[in-house]
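Thanks, everyone. Let me put the model up, and then I'll walk through a few spots.

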Amino acid sequence: MFTVIRADQAEFDAREQMSQIFAEGFTQWLGFFSNDKQTIARAFVHMFVLNQFYVAVTDDRTVAGMAACSDGTAPSVKLNPKELRKHLGLYKGTLAGLFLKKEFEATLADPSPFKCTIDFVGTAPEFRGQGAAMMILRHMMENTLYEQFLIEEVADTNIPAMKLYQKLGFQEYKRKPVPLKRAEKIGINHFKSLKYEKSLKG
């Protein structure tokens, strides 16, 4: 099975494996910048703020899954425009730095010591269906001081993720419709926001 630890407490640098998981899960959304997963992995390997991530690790130091847990006052990733330009080229790297910074480094409008956001949930392909993501999220929910956990903008077509979050007790509290033309292009009708509150579970 897996051991869940904070990424900065691993006995090895987990960034490279985390970037591979990121590339597997996010390349489809980053197609404008590159459709090559290895290029995406190299371009974004620098960005992880390790003390904001939890990873599920096997005995042989393989990262099976990851998720960020942030109090909303500081981002869980920090993009370096120079690194992005190095791997994506001057034009696309510059655009990635501009457009993705707003999305990736967003903080909560009303942060609280008792509230956190969960982002960048991902599982390595060879470990999917083995409970790595569930272990990480349960670990966060049981071993941090947060009372409220938010997961923003899950695609309504991401059925495995929705099933996982609902199994853990998350409930939808907001949905954002995708404009029709874009919806037809990306195959997503809504982005759902989910919330879990410890106090409601007694």
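Start with Lys-195. Lys-195 lies over the face of Tyr-173, 4.9 Å from the ring centre. Keep in mind that this is a predicted model.

Lys-92 sits over the face of Phe-32, and here the distance to the ring centre is 5.5 Å.

Now, the aromatic rings. How many aromatic pairs does the structure hold? The count is 16. Take Phe-22 and Phe-120. Their rings form a tilted pair, 6.2 Å centre to centre, with 50° between the planes. This pair links distant parts of the chain: Phe-22 is in helix H1, residues 15–26, while Phe-120 is in strand E4, residues 115–123. The two are 98 residues apart. Buried or exposed? Phe-22 is buried, because its relative accessible area is 0%. Phe-120 has 9% relative accessibility, so Phe-120 counts as buried.

Next, Phe-32 and Phe-33. They form an edge-to-face pair, with 5.1 Å between centres and 85° between planes. Phe-32 has a relative accessible area of 45%, so Phe-32 is partly exposed. Phe-33, at 10% relative accessibility, counts as buried.

Some aromatics gather in a group. Phe-22, Phe-26, Phe-44, Phe-48, Phe-53, Phe-104 and Phe-120 form one aromatic cluster.

Phe-53 takes us to strand E2, residues 53–57. Why is E2 largely enclosed by the rest of the structure? Because five of its five residues are buried. Both faces are covered. On one side we have Phe-53, Val-55 and Val-57; on the other, Tyr-54 and Ala-56; all are buried.

What pairs with E2? Strand E1, residues 3–6, runs antiparallel to E2, and four bridges join the two. Within that pairing, Arg-6 stands opposite Tyr-54. E3 also runs antiparallel to E2, joined by five bridges. Val-57 has Val-63 in E3 as its bridge partner. The hairpin of E2 and E3 has five residues between the strands, and Arg-61 takes a positive phi there, near 65°.

Last stop, Ser-70. This serine lies in E3, which covers residues 63–70. Ser-70 counts as buried because its relative accessibility is 3%. Which backbone oxygen lies 2.9 Å from a polar atom of the Ser-70 side chain? That of Ala-74. Leaving out residues up to four places away in sequence, Ser-70 touches Gln-52, Lys-115, Cys-116, Thr-117 and Tyr-146.

That's the tour. Over to you.

Methods:
Residues numbered from 1 in each chain as written. Predicted model: local features only at pLDDT ≥ 70, side-chain atom pairs only at ≥ 80, totals over all residues. Heavy atoms only, no water. Buried < 20%, exposed > 50% of the residue type's maximum accessible area, 1.4 Å probe, protein only. Polar contact = N/O pair within 3.5 Å; in protein donor to acceptor, adjacent residues only side chain to side chain. Contact = heavy atoms within 4.5 Å. Phe/Tyr/Trp six-rings, centres within 6.5 Å; stacked < 30°, edge-to-face > 60°. Lys NZ or Arg CZ within 6 Å of the ring centre and 35° of its normal. Pairing = 2+ DSSP bridges.
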